[in-house]
Amino acid sequence: PADTWQPEAITFLSMYLFPLFLVSQILMVGVIGFLWKADQTGQRKFAVYAGLCGLLLGNIHTYDVLTLSIVWVAYMVYRTIRRDGAVGRLWIDGLLAGAIAAPSTAYVAWMLKSEAVFRARAEVLTLTPNVRFYVLGFGLLLPLATFGWKKLRMNKTERPEAGEAESPKTSPAALLAIWTIFNFIAAYAPTTFQRKMMMGIHIPMSILAGAALWMIAVRVPKLGKKLVIAGGLILLSLTNVRFMARDIDNLPNNPPGVRSFLYKGEIAALEWIKEKTPAGSPVQPLPWISASEQGGAGVFDTSIACYTPGLTGHPVNAGHWGETPNFGKTMNQWVRFIQPETDEAYRVELLKRTGIKYVIFTQKHQETPTPDLESRVVALFRTGAPACLRRIPEACNDDADVYEVVI
């Protein structure tokens, strides 16, 4: 289910794991909220504000602009068919906001065509799973949101007084429902980044579900009202609590992948890279690797490679899986680089081709469940180094060794 693994789809997981997602979701609320405000008040300045939110959003998560465009066009078409309110003004405001937001989205589109690395990064597959994974993931939120929509749609906006802007007869529930439905449809568009377009869907659903919870609560006595709200929040939070409990369990066990911590010495090595090496020098933190009884070796942990660009400002050849084109192939080159039996000519060719100037090795402790096999595949770096690297003593410590490339 999506609430166990997809932060874009769940607001709490966005807050908990990836603050950048939260920035994007705030801007998404800004786009829809200001357009709604422009429609309700007749003041065009709110359409400008919506466009500015979209302009910034296009430079952070461009695909969210595509999602919102689909949502708002669907809403305008719905209003046009129903002939609700000042439809002409609604379209003008929508087009104005779109024109203001367009430059950043157009720039990213140009980058996709002109920059091969950027295009390869964008083409990393993040496909949307079967619908049932979202039905299960949203759980109780779905029936609550449906109930909230049914109740809210009965509360029509009153007609304006003389001199006020003409308000639509459509209730806010229609916009929230359209946002939910077309956000979901957008996530199944034929793109390589489908799943990312699920971002934002939790917002209208949560508004509707929150309204439903309140409507249920107001029907019971004062004490019961608090119990209904508290009970609803507890039920809706169970998988979030489970998610955090799983992280707590994993913290000392060091599961494969990307850790939620770095060793003190790893951070010290990265600080040395940041302060003592020429700006922009390519660095490659070597992955932790594990071995099998059959003799094969593979990636076990890529934490330091993932964190290095953000903590040092230096580029890496292989880092975060979604930001590294052909991640598996690229990272496995460095798995081969580490192993004792690898030919030195291969290492030299790889360093020349990638332009790497510094290499960081941090698998100095027993990190995998098979310590004897692990010791074999990392023996070269635990006892010395290949001839193409020079160890920098002042940058090294018990957790990390830093090497300069000498070829």
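Tutor: Helices here are DSSP runs of H or I with at least four residues, numbered from the N terminus. The model is predicted, so local features need pLDDT of at least 70 and side-chain atom pairs 80 or more, while totals for chains, interfaces and linings use all residues. Residues are numbered from 1 along each chain as its sequence is written, and side-chain values use heavy atoms, with hydrogens and water left out.

Student: Which helices supply at least two residues each to the lining of the second largest pocket?

Tutor: They are helix 7 (132–138), helix 10 (202–217) and helix 11 (222–253). A pocket is an open set of points on a 1 Å grid where a 1.4 Å probe fits, with protein on both sides within 12 Å along at least five of seven lines; lining residues have an atom within 4 Å of a point. Helix 11 gives the largest share of this lining, 7 residues.

Student: What is its volume?

Tutor: The second largest pocket has about 420 Å³, counted as the space filled by probe spheres set on the points. It is lined by 21 residues, and L141, H202, L236, S237 and N240 are the closest to its centre.

Student: How does that lining divide by class?

Tutor: There are 12 nonpolar, 8 polar and 1 charged residues in it. Ala, Val, Leu, Ile, Met, Phe, Trp, Tyr, Cys and Pro count as nonpolar, Asp, Glu, Lys and Arg as charged, and the others, including Gly, as polar.

Student: Turning to packing, at what angle do helix 9 and helix 10 meet?

Tutor: Helix 9 (residues 172–186) packs on helix 10 at about 140 degrees, and their axes are 8 Å apart. That makes the pair oblique.

Student: Where do they touch?

Tutor: L176, A177, W179 and T180 of helix 9 meet I203, P204, M205, I207 and L208 of helix 10. By class, this contact has 8 nonpolar, 1 polar and no charged residues.

Student: And how do helix 2 and helix 5 cross?

Tutor: The axes of helix 2 (residues 19–41) and helix 5 (residues 87–114) cross at roughly 150 degrees and come within 10 Å. Helix 2 is therefore roughly antiparallel to helix 5. On the helix 2 side the contact is made by L35, A38 and D39, and on the helix 5 side by R89, L90, D93, G94 and A97. Those residues comprise 4 nonpolar, 1 polar and 3 charged.

Student: What about helix 14 and helix 15?

Tutor: Helix 14 (residues 327–338) and helix 15 (residues 344–354) pack at about 145 degrees, with axes 10 Å apart. Q333, W334, R336, F337 and I338 of helix 14 meet Y346, R347, L350, L351, R353 and T354 of helix 15. This contact divides into 6 nonpolar, 2 polar and 3 charged residues.

Student: Which cut-offs lie behind those terms?

Tutor: Contact means heavy atoms within 4.5 Å. Axes are lines fitted to C-alpha atoms over the stretch in contact, with angles from 0 to 180 degrees between N-to-C directions. Angles under 35 degrees count as roughly parallel, over 145 as roughly antiparallel, 65 to 115 as roughly perpendicular and the rest as oblique.
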